[in-house]
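Thanks for sending this one over.

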Amino acid sequence: MSATLVARDLTKSYGPHLVLDRVTLTVAPGMRIGVIAPNGTGKTTLLRLLAGLDRPDAGVVERQPAAATVGLLAQEPERRVDETVEQFLARRTGVRAADVELDLAAVAIAEGQLGAEDRYSDALDRYLSLGGPDFEARVGAVLADVGLDERLRPVSMAALSGGQAAKAALAALLLSRFDVYLLDEPTNDLDFAGLDRLEAFVSTLDAPCVIVSHDRSFLDRVVTAVFELDEHSHSGSLFNGGWQAYLDERAVARRHAEDEYDDYVDQRDTLKARAQREAEWSHQGVKKAKRSGETDKYIRQFNRASSERVAAKAKRTEKAMDRLAVVEKPWEGWELRLTFTESPRGGAVVAKADEVVAQRGDFVLGPVSVELGHGERVALVGANGSGKTTLLRVLLGELDPVLGHATLGPGVVVGVLDQRRSHFAGTSSLLDDFVAATATTITEARSLLAKFGLGAEHVARGVDTLSPGERTRAELARFVAVGVNCLVLDEPTNHLDLPAIEQLESALSTFSGTLLVVTHDRALLDALTLTRRIELDQGRLIRDEPL
């Protein structure tokens, strides 16, 4: 079904906090729109309104035709213990809900309820359009395509590893048959193979697609337009032509806005100075005429006329100031200013694993031998499930090997950003946890967290109520507070907005300590100056080479 989604003048507030203000967007077949905005600006809110899961305070969302299916595939941080992989796939694709509605409609017909036939017809159409009849048959092929064993179908989602869960989420997307797709951070936790599959799927969609993502390489490859939400006005602007066209047009628009403001300030200041000067000349002329004691009436008239002409000029200048169109200064939002505090360097060897074999559940890593030296900048790469996190835990002393030895060098102060952002967790306030973790005073903690965009409304909240992006910034602030000489970053750009990612790249470029980064963010890998690349595959070290 060819479908279009039309949003007109959407306005949404949460209490006194205005999130979206008269946002208008049309998503037509063939359009792939990337939604860009700083964290907390309303991207997910916009997707939920487009999906019909939330109601706007004002404005409307129309589906054309009305029966079009709209699928929101959002990030789910917690996996359900009581949901198997197959049940997860059925829920995410909408097949489970459509199946339930079809059964209820059949019961309504059997009971002779009014309008039951129309209800059943609509339910059947939806079930068919979502691919319900052949859903089970398609599951096996898609699981194999993303690299998951079909024997995982009856396994609880909570029992999957992080890599397996990411593959399951990708499988749900590949299985889905919506008329309109709404994707919230679809690239998070995907490996390079998963990213290639996702890009191929999205790029060939005829259905319209709206994508919230901070993966610059992904956006560059798939979007046909960019919709930017403004954190100041809470409105949105559409830029056609893809990611690079958006960057170019935004830069030109910003430059023009700054030039227009500078011209306005120059004209305003020139007219203001002229008005002050002319008013002063007029005032001085009147005073001089009064003091002169001139008896000749013609000279007195000439002097008075001269003063009046100067006063008239001053009034004309003031009127010109009033007519000058005011140009507002271009808005500059909050920007992360990140500089890592470095501890004194430790020894030459930062971490070492010697013929290590480690086990996590059924997964076995090794034997692996790796040595990291001071100042090295290392990318640890590999497919999901290849053993990257297991190796990190062994090197950090968090997981004891079954065989071999692993040591952390003397004087090494490690800052770890794990994939789950789990350093700050629980129900206690962020401020209390941060003070305890960094030994800073309350005033120092508040000031530092504020520099990372975590103000009074954040620090008093329980840590478990913070978004992944907010927890990521809190952990970066911790590194600044305590000082580190070794950074271990596992998917650091997940959940960060684009300005924060750029600041992170800048800070990492000047960090002189040891850097070990696990990432599938291709733009980040291109931006970092790396000295070495280590690659794992199915628990084995297959590549360790300098760059």
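1. The largest nonpolar core has 88 residues, and those touching the most other members are Leu89, Tyr181, Val202, Phe340, Leu430 and Leu487. Helix 6 (residues 162–175) gives the most to this core, with eight residues. A nonpolar core here is a set of buried Ala, Val, Leu, Ile, Met, Phe, Trp, Tyr and Cys residues joined through side-chain atoms within 4.5 Å. Buried means under 20% relative accessible area, exposed over 50%, and partly exposed in between, with a 1.4 Å probe and protein chains only. Helices (H or I, at least four residues) and strands (E, at least two) are DSSP runs numbered from the N terminus.

2. Please keep in mind that this is a predicted model: local features need pLDDT of at least 70, side-chain atom pairs count only at pLDDT 80 or more, and totals for chains, interfaces and linings use all residues. Residues are numbered from 1 along each chain as its sequence is written, and side-chain values use heavy atoms, with hydrogens and water left out.

3. Which residues does Val202 touch, not counting residues up to four places away in sequence? They are Arg32, Leu183, Cys209, Ile211, Phe218 and Val222, where contact means heavy atoms within 4.5 Å. Besides the 88-residue core, there is a second, separate core of 27 residues, with Leu20, Met31, Leu47 and Phe227 among them.

4. Cys209, one of the residues that Val202 touches, counts as buried because its relative accessibility is 0%. Cys486 is buried too, at a relative accessible area of 4%. The structure holds zero disulfides, a disulfide being a pair of cysteine sulfur atoms within 2.5 Å.

5. Now for a helix pair. The axes of helix 12 (residues 430–438) and helix 15 (residues 468–482) come within 10 Å and cross at roughly 30°. Helix 12 passes helix 15 in a right-handed crossing. On the helix 12 side the contact is made by Leu430, Phe434, Ala437 and Thr438, and on the helix 15 side by Ala474, Ala477, Arg478, Ala481 and Val482. These residues divide into seven nonpolar, one polar and one charged. For the conventions, axes are lines fitted to C-alpha atoms, for helices over the stretch in contact, with angles from 0 to 180 degrees between N-to-C directions. A crossing is right-handed if the near helix is turned clockwise from the far one by less than a right angle, and left-handed if anticlockwise. Ala, Val, Leu, Ile, Met, Phe, Trp, Tyr, Cys and Pro count as nonpolar, Asp, Glu, Lys and Arg as charged, and the others, Gly among them, as polar.

6. Is helix 11 (residues 388–395) mostly covered or mostly uncovered? Mostly covered: six of its eight residues are buried, namely Lys388, Thr390, Leu391, Leu392, Val394 and Leu395. Gly397 follows helix 11 and has a positive phi, near 80°.

7. Some backbone details to look at. The peptide bond from Gln64 to Pro65 is cis, with omega near 0°, and Pro65 is found in the loop between strand 4 (58–64) and strand 5 (70–73). The bond from Gly366 to Pro367 is also cis, with omega near 5°; Pro367 has its place in strand 11 (residues 363–373).

8. Positive phi also turns up in residues other than glycine. Glu355, in strand 10 (residues 349–360), has phi near 50° and is partly exposed, at 48% relative accessible area. His495 has phi near 80° and lies in the loop between strand 15 (486–490) and helix 16 (498–510). With a relative accessible area of 21%, His495 is partly exposed.
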